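Trainee: I have a new model open and want to go through it with you. Can we start with the polar contacts?
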Amino acid sequence: MENSILTTIRWQNAEVYRPEQYHESIIYCNEDNTIGILDNTITGCTMDDNWKITYHSDWNKLKDFYHIKWWVYNYNITPEHK
């Protein structure tokens, strides 16, 4: 069994890339080099006549509110689990 795991993080530039998987949590780094976590990037939803819910993400709003400069999906840095 390993006592430690080395992980390489490929941060995504928030100005260039937006999270397309709204339900996934992200870890972000802001302009002050502080790390934060968002459980998801959902900012709203709509429901049609058949009760089907569609989720929306306003990445620009989140990016500006949290001052996000870099981000990565949480699952990209966690050790593999089964």
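Mentor: A polar contact is a pair of N or O atoms within 3.5 Å; within protein, one must be able to donate a hydrogen and the other to accept it, and residues adjacent in sequence count only if both atoms are side-chain atoms. This is a predicted model, where local features need pLDDT of at least 70, side-chain atom pairs count only at pLDDT 80 or more, and totals for chains, interfaces and linings use all residues. Residues are numbered from 1 along each chain as its sequence is written, and side-chain values use heavy atoms, with hydrogens and water left out.

Trainee: With which side chain does the side chain of Lys63 make a polar contact?
Mentor: With that of Glu15, at 3.3 Å.

Trainee: Is Lys63 buried or exposed?
Mentor: Buried, with a relative accessible area of 8%. Buried means under 20% relative accessible area, exposed over 50%, and partly exposed in between (1.4 Å probe, protein chains only).

Trainee: Where is the place of Lys63, and what is it in contact with?
Mentor: Lys63 sits in helix H1. Helices (H or I, at least four residues) and strands (E, at least two) are DSSP runs, numbered from the N terminus. Leaving aside neighbours within four places in sequence, Lys63 is in contact with Ala14, Glu15 and Ile68; contact means heavy atoms within 4.5 Å.

Trainee: And what does Ala14 touch?
Mentor: Not counting residues up to four places away in sequence, Ala14 touches Trp59, Lys63, Ile68, Lys69, Trp70 and Trp71.

Trainee: Which residues make up the largest nonpolar core?
Mentor: There are 9 residues in all: Ala14, Ile26, Tyr28, Leu38, Trp59, Leu62, Ile68, Trp71 and Tyr73. A nonpolar core is a set of buried Ala, Val, Leu, Ile, Met, Phe, Trp, Tyr and Cys residues joined through side-chain atoms within 4.5 Å. E6 gives the largest share of this core, 3 residues.

Trainee: Switching to rings. How many aromatic pairs are there?
Mentor: The count is 5 aromatic pairs. Rings of Phe, Tyr and Trp (its six-membered ring) pair if their centres lie within 6.5 Å; planes under 30 degrees apart count as stacked, over 60 as edge-to-face and the rest as tilted. Trp59 and Trp71 form an edge-to-face pair, 6.2 Å centre to centre with 65° between the planes.

Trainee: Which parts does the pair of Trp59 and Trp71 tie together?
Mentor: Trp59 lies in helix H1 (residues 59–66) and Trp71 in strand E6 (residues 68–73), so the pair ties together parts that are 12 residues apart in sequence. Both Trp59 and Trp71 are buried.

Trainee: What about Tyr73 and Tyr75?
Mentor: Their ring centres are 5.2 Å apart and their planes at 5°, so that pair is stacked. Tyr73 is buried at 9% relative accessibility, whereas Tyr75 is partly exposed at 37%. Trp59, Trp71, Tyr73 and Tyr75 form one aromatic cluster.

Trainee: Now the sheet. In what order do the strands come?
Mentor: The order is E1-E6-E2-E3, an open sheet of 4 strands with antiparallel pairing. Two strands pair if DSSP finds at least two bridges between them. E1 (12–13) and E3 (35–38) stand at the edges with a single partner strand each, so one side of each is left without a neighbour in the sheet. E2 and E3 pair over 4 bridges.

Trainee: What is the bridge partner of Cys29 in E3?
Mentor: Ile35.

Trainee: Last one: how many disulfides does the structure hold?
Mentor: The number is 0, where a disulfide is a pair of cysteine sulfur atoms within 2.5 Å. Cys29 is buried at 11% relative accessibility, and Cys45 is partly exposed at 49%.
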